[in-house]
Amino acid sequence: ERLTDAQEAISKKGPPLSATVTFGKDVGSPFPPDSGHDRSDHARDSMKPRNVVISAGGTVTFNIGVFHRVAVYAAGTRPEDIDESATVDLTSPFFIPGFVIDDPNGRLAVSWPNAGELFLTPTSWSYTFAAPGKYLIICTTLPHFADAAMYGWVDVK
């Protein structure tokens, strides 16, 4: 099947140098539960889009919601490679034992340096991907990752 002129121009141009991801913010239904949150895996605890494609040297900006922390893992890392037992206690704004995944194996970066503290207000964070590969992105809040499958991919071409 022949590509249209517009499709051919896009295919020659390649992937964009930047992308924006909504990470647990303004997706799904409202929170807290008494306001009608549907508690499903596709609600608040998600990454949209779940897969993005950018060119090498490009940057992804994550618009992060409350109680979410982005972790970028090396190309080739799979969700099942994440050690869910490597956790730390949430210490701020309140104490929850073993609430935050802190698996350093293959981790390249995190959006918030102190794993024991989670954001109370939404924020934005960017990461530049220098080399081609398929990078795993997870939410380090254990229930979000383990129960709601809050992870996605950045495919760098």
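Predicted model: local features only at pLDDT ≥ 70, side-chain atom pairs only at ≥ 80, totals over all residues.
A strand, in this briefing, is a DSSP run of type E with at least two residues, and strands are numbered from the N terminus. Strand β11, which spans residues 151-156, contains V154.

**Overall architecture**
- The protein has two helices and 11 strands.
- Read from the N terminus, its elements follow the order α-β-β-β-β-β-β-β-β-β-β-α-β.
- The protein comprises 157 residues, of which 37% count as buried.
- Among contacts between residues at least 6 apart in sequence, 71% join residues at least 24 apart.
- The accessible surface amounts to about 8,200 Å², and carbon and sulfur atoms account for 53% of that surface.

- Leaving aside residues up to four places away in sequence, V154 touches V52, I54, V60, F129, G133, K134, Y135 and I137.
- V154 and R50 are separated by 104 residues in sequence, yet their C-alpha atoms are 8.5 Å apart in space.

**R69 in a loop**
- R69 is located in the loop between β4 (58-64) and β5 (70-75).
- R69 is buried but has no salt bridge.
- The nearest side chain of opposite charge to R69 is that of D102, at 4.3 Å, whereas a salt bridge requires the charged atoms to be within 4 Å.
- A polar atom of the R69 side chain lies 2.8 Å from the backbone oxygen of W112.

Note on methods
Residues numbered from 1 in each chain as written. Heavy atoms only, no water. Helix = DSSP H or I, 4+ residues; strand = E, 2+ residues; numbered from the N terminus. Buried < 20%, exposed > 50% of the residue type's maximum accessible area, 1.4 Å probe, protein only. Lys, Arg positive; Asp, Glu negative; His and termini not counted. Polar contact = N/O pair within 3.5 Å; in protein donor to acceptor, adjacent residues only side chain to side chain. Contact = heavy atoms within 4.5 Å. Areas by Shrake-Rupley, 256 points an atom, 1.4 Å probe, with all protein chains shown as cover.
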